[in-house]
Amino acid sequence: MAAMTRLCRYLIFCEKIIECALRISGPLYIIIATTIIGAVVYVYFTAILPLRCAPWSASFVGHASFGISLVFNILFNYFHCIFTDPGTPPDVMDPENPKHVTLAQHCRRWCKKCRKPKPTFCHHCQVCNRCVLRMDHHCPWMANCVGHRNYRYFFLFLFWLWLGCLYSTFMSRVPLRGFKSRTRASVVFTFIISIAIFLAISFLMFWHVYLVCTGQTTIEFYNNQRDRMAEKRKGKVWKNEYNLGWRQNWQEVFDERGPYWWITWALPRRVPHTNEGLFYPTTDTLDKLRVSEGKEDFALTPQTSTEQTAVSSAKDIV
Ligand SMILES: [Zn+2]
Ligand SMILES: [Zn+2]
């Protein structure tokens, strides 16, 4: 028993050390990432592009434009993910806000550390030491939590970096005979670093494509697996009520609902989330969502009869 207690204390101590190290080393990861991206971009424009295309030919201009757009998209999403607050539950409940009223009345999960209700998908981050809305994970490369408001930037950073590495690998596979040793070294460096990052993030990118398409976060995936197994033991089939179908899930996560959402989701732009991140539509309310689309913001109003009742009866209480 005493040995078990000692082991638990040791594990908690190790966890605290790792959390502290992640908190302190955040800026270091950002410097490393921007240095690597900067070095690859520099070699691409000063060595690889002149080697592959005649200066100012049509192909030179085309490749240069594509390279610039890739770099812009990567950096735009990277820095937006770092500097965008993922969102946290409100400190003070606004009695005029139906969502706050519903949350105060019906939220069953409570964070003891933050002393706040925990909405659906909300989890407490030990590194940031606060509750994060729709928390996916704490990312050391972003020195930030990836959650409700910055998941879009995280995913797009992954997507454009993956595409950029694929392109950079393709472009840096030039024949190296006859080049100066310095140029050769920098091109080989770019090829190795590009293919290494491409292979490393390929799994991560497709993993997040799967999560978005199935209406899950990384944390919820494991919780859902647990629920699925529990229902299976009872002889029942578990269904994720937040899985609205891949198209609707995609539109919810990227907050893109116009006729050209299939293009605009990938564009480098700041999207003010219409959903506060306290409630999310479920398969039960999907029909209402379709009816209200274009007329009313579904995500900001209570949908179920329980929520409606709570709002009408609880404004004085909150
Ligand atoms: Zn908390
Ligand atoms: Zn965090």
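Asparagine 129 counts as exposed because it has 11 C-beta neighbours inside 10 Å; a residue is called exposed when 12 or fewer other C-beta atoms lie within 10 Å of its own, buried when 20 or more do, and partly exposed in between, with C-beta atoms placed from the backbone. Asparagine 129 sits in the loop between strand E3 (123-125) and E4, and has a positive phi of about 55° although it is not a glycine. The model described here is predicted: local features need pLDDT of at least 70, side-chain atom pairs count only at pLDDT 80 or more, and totals for chains, interfaces and linings use all residues. Residues are numbered from 1 along each chain as its sequence is written, while chains are lettered from A and ligands numbered from 1 in the order in which they are written.

The protein chain holds 10 helices and six strands, where helices (H or I, at least four residues) and strands (E, at least two) are DSSP runs numbered from the N terminus. Of its 318 residues, 27% are buried. The mean pLDDT, the predictor's confidence in each residue from 0 to 100, is 83 for the protein chain, and 86% of residues reach 70 or more. Over residues 294-318, however, pLDDT stays under 50.

The largest nonpolar core has 29 residues, and Cys81, Phe154 and Phe157 have the most contacts inside it. Such a core is a set of buried Ala, Val, Leu, Ile, Met, Phe, Trp, Tyr and Cys residues joined through C-beta atoms within 7 Å. At least two of its residues come from each of helix H2 (58-83), strand E4 (130-132), strand E6 (144-146), helix H4 (151-171) and helix H5 (181-213). H4 gives the most, with 10 residues. Leaving aside neighbours within four places in sequence, phenylalanine 154 is in contact (C-beta atoms, placed from the backbone, within 7 Å) with Cys81, Cys139, Met142 and Val146. Apart from this core lies another, of eight residues, including Val40, Val43, Tyr44 and Ala47.

An unreviewed UniProt entry lists residues 28-48, 60-79, 151-174 and 186-210 under "transmembrane region"; the positions follow the numbering used here, feature names are shortened, and annotations may be inferred rather than shown by experiment. In the model, residues 60-79 are 100% helix and 0% strand, with end C-alpha atoms 28 Å apart. Residues 186-210 are likewise 100% helix and 0% strand, and their end C-alpha atoms lie 36 Å apart.

Proline 89 is found in the loop between H2 and helix H3 (98-106). With 22 C-beta neighbours inside 10 Å, proline 89 counts as buried. Beyond four places in sequence, proline 89 touches Lys116, Pro117, Lys118, Pro119, Cys122, Cys131 and Leu133.

Tryptophan 246 belongs to helix H7 (residues 246-254) and is partly exposed, with 14 other C-beta atoms within 10 Å. The C-alpha atoms of tryptophan 246 and tyrosine 210 are separated by 9.1 Å, at 36 residues apart along the chain. Aspartate 255 lies in the loop between H7 and helix H8 (261-264). Its phi is near 55°, a positive value in a residue other than glycine, and aspartate 255 is partly exposed, with 17 other C-beta atoms within 10 Å.

Technical notes
Two residues are in contact if their C-beta atoms, placed from the backbone, lie within 7 Å.
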